[in-house]
Amino acid sequence: MWILRLKPSSKHLQYLNYSTQPIHNHFMVDYLVNSVGFSKDQALSALPDLTHLKSTQNPDSVLHFLKHQCCLDNTQVRNIVSYRPKILTTSVHKTLAPKFTLLQQLGLRLPAPGLEKLVKQSNNFSSNRLGANVSFLRELLGGCDDKVSKVIQRSWWMLSSNYAHKLSSSLLVLKKNGLSDDKIQSILLKNPACLLQNPQWLEATITKVEPVLGVPPESPRFLDGLEIIISLSKSTLDMKFGIFRSFGWSDSEILTMTKALPFCLRSSEARIQLSLNFFMNELGYTPAYLATHPKLLVYSLEKRVMPRTQVLNVLRENKLLKKNFSLCSIAALSEEKFLKDFVLPYREFVPHLFEAYTKATGHQVT
């Protein structure tokens, strides 16, 4: 059997020599450690995106831009490079600077955390699209740059999409269903993602709020109700409604509660059951009363309602209360106000009241 042996050329040997050099000897490893603040392992992990660099000239320009023009600190710069090492290969003059100069020209000032997020995703949007989207948001939000900044911080991904085009159909749906400009702005600020959904889905979701929760579009609570409908499935809502019914609530009483405070349904099934058991079986409250005082159902039982109930009971037993206070009004007080009016004045009359209350609530008061 013949074996063909090929003699590699000097050029081939040179290539083999280069390709088998240990990667940890690459000059960018030391650069990432010394200039960016990476650990050796972090530098080696980022290196595959940077091995083609022949010098540190471009990385130096990028770091200078991030620190001195974007005013990001060392930690934020390290986070950005860790998230996207290739940013060190990006042209400042052609790519980075035009996008962020545009923000300055538009008068938009992002706080450092928002700017950090934006830089991380800067490869996903062009200067033209950025300008169009910012201008559109500014018009939609009444020219308020603070609101525009909040939307961008919450939903940076909008800058990479044709947001104005996608949003037009959603705006028509919202206005068709009676939502005011103020409510539309609130949706944009709180949950902009829902406005990029299919318009048919959005309309179907909006039209569920009133029949399911009893909250009409003109109600100040409508957006809270919309958030509940978006975030909870029909099966979850049915399960929670079923718990109220198991405690003797009628459907009209459930709707009275959700119309007043849709966020009552944010609580887990176990939490709802625990609250209803305490208020109805231990304190004797009726569904009708709780339906018209729904805030009682969202306060923390362990840290707020139960400790304050115990304080009131102790003060009543010792005949220290000059009038009868409802738990609803007492539970609504701030912690500072409750301590000032119902705990601190009675420290001398009821030993250990203060200590027992602060231990139960976990508050440290000097």
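Reader: Which residues of helix H2 (residues 27-36) are buried?

Author: This is a predicted model, in which local features need pLDDT of at least 70, side-chain atom pairs count only at pLDDT 80 or more, and totals for chains, interfaces and linings use all residues. Residues are numbered from 1 along each chain as its sequence is written, and side-chain values use heavy atoms, with hydrogens and water left out. With helices taken as DSSP runs of H or I of at least four residues, numbered from the N terminus, and buried meaning under 20% relative accessible area with a 1.4 Å probe, protein chains only, the buried residues of H2 are Met28, Val29, Tyr31, Leu32 and Val36.

Reader: Why do the buried residues of H2 line one face of the helix?

Author: The arc is taken from the directions from the helix axis to the C-beta atoms. Seen down the axis of H2, the buried residues line one face because they fall within an arc of 165°.

Reader: Which helices do the buried residues of H2 pack against?

Author: Contact here means heavy atoms within 4.5 Å. The buried residues of H2 pack against helix H3 (40-46), helix H4 (57-69) and helix H5 (74-83).

Reader: How many disulfides are there, and how far from Cys70 is the nearest cysteine sulfur?

Author: A disulfide is a pair of cysteine sulfur atoms within 2.5 Å, and by this rule the count comes to 0. Cys70 is buried, with a relative accessible area of 8%. Cys70 is in no disulfide, and the nearest cysteine sulfur, that of Cys71, lies at 7.6 Å.

Notes:
Buried means under 20% relative accessible area, exposed over 50%, partly exposed in between (1.4 Å probe, protein chains only). Helices (H or I, at least four residues) and strands (E, at least two) are DSSP runs, numbered from the N terminus.
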